[in-house]
Amino acid sequence: MRAARRIVVKVGSSSLTTAAGGIDPGRVRRLVEVLAAARDAGAEVVLVSSGAIAAGLAPLGLKKRPSALPAQQAAASVGQGLLAHRYQEEFARHGIVTGQVLLTVDDVTRRAHYRNAHNTFAKLIELGVLPIVNENDTVATSEIRFGDNDRLAALVAHLVHADLLVLLSDVDGLYDGPPSRTGSRLVPVVHSDADLASVVIGSAGSSGVGTGGMTTKVDAARIATGAGIDVLLTSADQAAAALSGAEVGTHFEATGKRRPTRLLWLAHATSGQGTLTLDDGAVRAVVERRASLLAAGVTAVGGTFVAGDAVDLLATDGTVVARGLVNFDADELPTLLGRSTSELKSALGAAYEREVIHRDDLVLL
Ligand SMILES: Nc1ncnc2c1ncn2[C@@H]1O[C@H](COP(=O)(O)OP(=O)(O)O)[C@@H](O)[C@H]1O
Ligand SMILES: N[C@@H](CCC(=O)OP(=O)(O)O)C(=O)O
């Protein structure tokens with residue numbers, strides 16, 4: 001931990017708010033002090049902070065986090081500015097300039113957006129700015145939302161080439177059962193998925209402002225470790241100890257190697273927005289030869305999606321074999337199915353010569 005040079009720290013709403021809701025200035029101040037100290041010790045820090053919705057509740061006279069998306073978006077719109085302002089003032093006390101980065105799913109899946117986001121972070125870090133990231137809640141619809149900042153933080157960690165992801169919550173680590181249950185014990189190290197097999201994850205905490213609970217933190221840890229990044233999960237109260245190298249919380253050890261980030265999200269998206277059923281030859285081509293998916297091998301289209309969306313690829317028995325970013329809208333595809341690329345070109349024009357999913361936009365599941 002001590003050796004980590006570039007650290008992404010994610011803090012959840014439950015660690016930033018008061019019991020009555022709303023941002024707790026004291027908690028923000030303490031977190032900022034810890035991050036400023038990490039910078040003084042030579043680390044580059046990127047902060048992924050939740051709390052926009054929580055910060056927007058009081059100004060709108062809301063008592064608790066609304067369940068309807070438009071109300072959440074309104075609260076986030078009001079709260080994000082307040083949250084950013086709070087951070088800006090606190091970091092300024094330490095002479096640190098902050099920059100706000102609001103991301104959508106598209107920013108880490110579509111190639112051009114991904115490069116753009118990568119370049120923005122690189123420039124901010126080069127300028128010594130501390131980026132503060134959140135999901136762009138006010139424009140994200142339920143279909144294209146991360147919905148939780150844990151997985152977003154894992155993708156950001158990969159995007160900025162971090163060597164450590166620190167997830168700060170209201171609980172001091174992963175327990176082998178819900179922490180409220182007597183006898184649940186802290187899991188100090190997770191070497192691989194096998195160590196998670198006996199862990200029981202309960203519902204989210206009692207704060208009422210968090211979203212993902214422990215499930216999304218474990219998902220985030222798996223995304224990051226699978227991409228070669230160590231993860232430390234602990235409480236905001238232990239952030240200082242964690243960042244100075246003390247053995248606190250749960251350490252998820254890096255297992256895999258780096259992979260293209262946009263595909264990381266794709267592999268860990270809960271599901272695609274539609275389905276394409278493949279014939280046996282297409283399954284072999286995609287899975288064994290890692291080839292692009294052509295219209296000739298698709299037998300059925302399910303769901304409503306547009307070009308650029310993630311869709312699940314199904315074998316004839318219905319099992320999901322891969323997920324990819326499709327190049328056509330759902331209603332364009334039925335007339336193309338089973339036809340060769342050259343046939344499509346001569347019948348419909350050069351625009352239809354493209355693959356249904358390019359191999360660079362496919363992940364095997
Ligand atoms: N096995 C487990 N280990 C640790 N925490 C768990 C477990 N199962 C459920 N939880 C709950 O998950 C909560 C953290 O999730 P959440 O409230 O969404 O936090 P945040 O706002 O930090 O994202 C903890 O307060 C805890 O009660
Ligand atoms: N983007 C949302 C937070 C979503 C979220 O992940 O919340 P949390 O579970 O508290 O980390 C917001 O700023 O309110």
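In this predicted model, the protein chain splits into domain 1 (6-266) and domain 2 (271-364). The C-alpha centres of domain 1 and domain 2 lie 35 Å apart. Five residues of domain 1 and six residues of domain 2 form the contact. On the side of domain 1 that touches domain 2, two residues are nonpolar, one is polar and two are charged.

An open sheet of five strands was also found, with mixed pairing. The strand order is β10-β9-β11-β12-β13. Strands β10 and β13 (362-364) form the edges, and each pairs on one side only. Neighbouring strands of this sheet are turned by 25° against each other on average, direction ignored. In general, strands of a sheet pair through backbone hydrogen bonds, either parallel or antiparallel. Strands β11 (residues 310-314) and β12 (residues 320-325) run antiparallel, and five bridges join them. V311 has G324 in β12 as its bridge partner.

Helix α10 lies across β9 (274-278), β10, β11, β12 and β13. The angle between α10 and β12 is about 70°.

The loop between α10 (280-287) and β10 (298-303) holds A296. A296 has 18 other C-beta atoms within 10 Å, so A296 counts as partly exposed. A residue needs 20 or more such atoms to be buried, and 12 or fewer to be exposed. Leaving aside residues up to four places away in sequence, A296 touches G338, R339 and S340. R110 is 186 residues from A296 in sequence. In space, A296 and R110 are 25 Å apart, C-alpha to C-alpha.

Methods. Residues numbered from 1 in each chain as written. Chains lettered and ligands numbered in written order. Predicted model: local features only at pLDDT ≥ 70, side-chain atom pairs only at ≥ 80, totals over all residues. Domains from an automatic or database assignment. Contact = placed C-beta atoms within 7 Å. Nonpolar A, V, L, I, M, F, W, Y, C, P; charged D, E, K, R; others polar. Helix = DSSP H or I, 4+ residues; strand = E, 2+ residues; numbered from the N terminus. Pairing = 2+ DSSP bridges. Axes fitted to C-alpha atoms, helices over the stretch in contact; angles between N-to-C directions.
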